[in-house]
Each structure stands twice: as C-alpha cells, then as structure tokens.
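Reader: I am new to this structure. Can you take me through it in short steps?

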Amino acid sequence: MLRKLPHPMNFWTSTFFSVLDPLLCKVCGKCVELCPVNAIKTKNGGIMKTPPDVCIGCGLCVEACPFKARYLERRKKDMVPPKTFDDLYNTIMENKKGPLGKLGVAVKMMLRV
Ligand code: SF4
Ligand code: SF4
C-alpha cells in the first residue's frame with residue numbers, strides 16, 4: 001500500500017532524504033527492492049535520482065547498499081509534523097492536484113463553522 005502513494009511525504013516527517021552517488025553505484029538493485037515507498041526507479045539499466053518529495057528518509061537503502069553509494073542528506077527546510085489531524089488532512093488536500101483538492105479544503109472549512 002505504501003508503494004502506491006504518489007506523495008508519501010504528505011504522511012511522514014523526515015528531515016532527510018536519500019542521495020545516490022552514481023560513480024559508486026553498481027546497479028545491484030538492492031535499494032530498489034527495499035524502498036518501502038518505491039522512490040528508487042531504474043531507467044536504461046541505471047538507477048535514477050531519488051525524488052525528495054517521494055523519499056521518506058527511512059535510510060533503509062543507505063544501510064543496505066553494499067557499495068556505500070547512498071547517503072542521507074538534510075533537507076533545506078526542517079520538517080515539522082502536523083499538530084492535529086485537521087492540519088494533516090489540510091496538508092494532504094492542499095497537495096492534491098486539481099479542483100478536487102481545493103474543494104476538499106473548502107468543504108472541511110465550511111463544516112467547521
Ligand atoms: S544498493 Fe547501492 S549499488 Fe545497489 S543499486 Fe542501490 S545504490 Fe546502487
Ligand atoms: S531513504 Fe527510505 S524512502 Fe528514501 S529512497 Fe531510501 S529506502 Fe526509499
């Protein structure tokens with residue numbers, strides 16, 4: 001289920017994300033198999049750059065890489081966890097693309113009144 005979320009960082013709070021050193025990577029595929037959110041993809045026989053908005057910074061790939069080709073880097077902005085479920089809901093809806101996301105936030109605000 002986690003692997004199907006398009007934006008896992010809406011649900012996690014991590015100040016780090018995984019970075020690949022392409023010079024050290026031997027494309028063994030271990031990190032691709034392990035990543036719980038499917039943030040690591042292959043293309044043309046190589047490993048693609050890990051998108052920071054998908055990587056949840058768990059560090060599994062860093063620990064598992066036999067060639068030390070991965071490391072965790074600090075995000076430019078520290079992540080702060082939402083204080084309430086309402087805050088979490090709003091973040092998720094605001095990050096949804098298109099009119100449905102905006103409509104969700106508007107409906108929620110109306111229901112609060
Ligand atoms: S585990 Fe390390 S060497 Fe293997 S594909 Fe991932 S980054 Fe490359
Ligand atoms: S740190 Fe975790 S979420 Fe990020 S790429 Fe590595 S295994 Fe995937």
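**Contacts, ligands and loops**

Author: Start with one residue in this predicted model. Setting aside residues up to four places away in sequence, Cys 35 touches Ile 40, Leu 60 and Cys 61.

Reader: Is Cys 35 buried or exposed?

Author: A residue needs 20 or more other C-beta atoms within 10 Å to count as buried. Cys 35 has 22. Therefore Cys 35 is buried.

Reader: How far apart in space are Cys 35 and Gly 59?

Author: Along the sequence, Cys 35 and Gly 59 are 24 residues apart. The distance in space is taken from C-alpha to C-alpha. That distance is 9.0 Å.

Reader: Which residues of the largest nonpolar core touch the most other members?

Author: Nonpolar side chains tend to be buried together in soluble globular proteins. The largest nonpolar core here has 13 residues. Those that touch the most other members are Cys 31, Cys 35, Ile 40 and Cys 61.

Reader: Which residues come nearest to ligand 2?

Author: There are 14 residues around ligand 2. By class, ten are nonpolar, four are polar and none is charged. The nearest are Ser 18, Cys 35, Cys 55, Cys 58 and Cys 61.

Reader: How many charged residues are in the shell around ligand 1?

Author: Ligand 1 also has its shell. Of the 14 residues around ligand 1, Cys 25, Cys 28, Lys 30, Cys 31 and Cys 65 come nearest. The shell divides into ten nonpolar residues, one polar residue and a charged group. The charged residues number three.

Reader: What pattern does the protein follow along the sequence?

Author: Count the elements before ordering them. The protein has four helices and four strands. Read along the sequence, the pattern is β-α-β-β-α-β-α-α.

Reader: What share of the contacts with a separation of 6 or more joins residues 24 or more positions apart?

Author: The protein has 113 residues, and 15% of them count as buried. Now take its contacts with a separation of 6 or more. Residues 24 or more positions apart account for 67%.

Reader: Why does Gly 57 count as buried?

Author: Gly 57 sits in the loop between β3 (46–47) and α2 (60–64). Beyond residues up to four places away in sequence, Gly 57 touches Ser 14, Phe 16, Phe 17, Ser 18 and Leu 72. Gly 57 counts as buried because its C-beta neighbours inside 10 Å number 21.

Reader: How far are the C-alpha atoms of Gly 57 and Tyr 71 separated?

Author: Gly 57 and Tyr 71 are 14 residues apart along the chain. Their C-alpha atoms are separated by 9.9 Å.

Reader: What is the phi of Val 27?

Author: Most residues other than glycine have a negative phi. Val 27 is not a glycine, yet its phi is positive. Its place is in the loop between β1 (16–20) and α1. The phi of Val 27 is about 50°.

Reader: Where is Asn 38, and what is its phi?

Author: Asn 38 is in the loop between α1 and β2. With 14 other C-beta atoms within 10 Å, Asn 38 is partly exposed. Asn 38 is not a glycine, but its phi is positive, at about 60°.

Definitions and conventions: Residues numbered from 1 in each chain as written. Chains lettered and ligands numbered in written order. Predicted model: local features only at pLDDT ≥ 70, side-chain atom pairs only at ≥ 80, totals over all residues. Near = placed C-beta within 6 Å. Nonpolar A, V, L, I, M, F, W, Y, C, P; charged D, E, K, R; others polar. Core = buried A, V, L, I, M, F, W, Y, C linked by C-beta atoms within 7 Å. Buried ≥ 20, exposed ≤ 12 C-beta atoms within 10 Å, placed from the backbone. Helix = DSSP H or I, 4+ residues; strand = E, 2+ residues; numbered from the N terminus. Contact = placed C-beta atoms within 7 Å.
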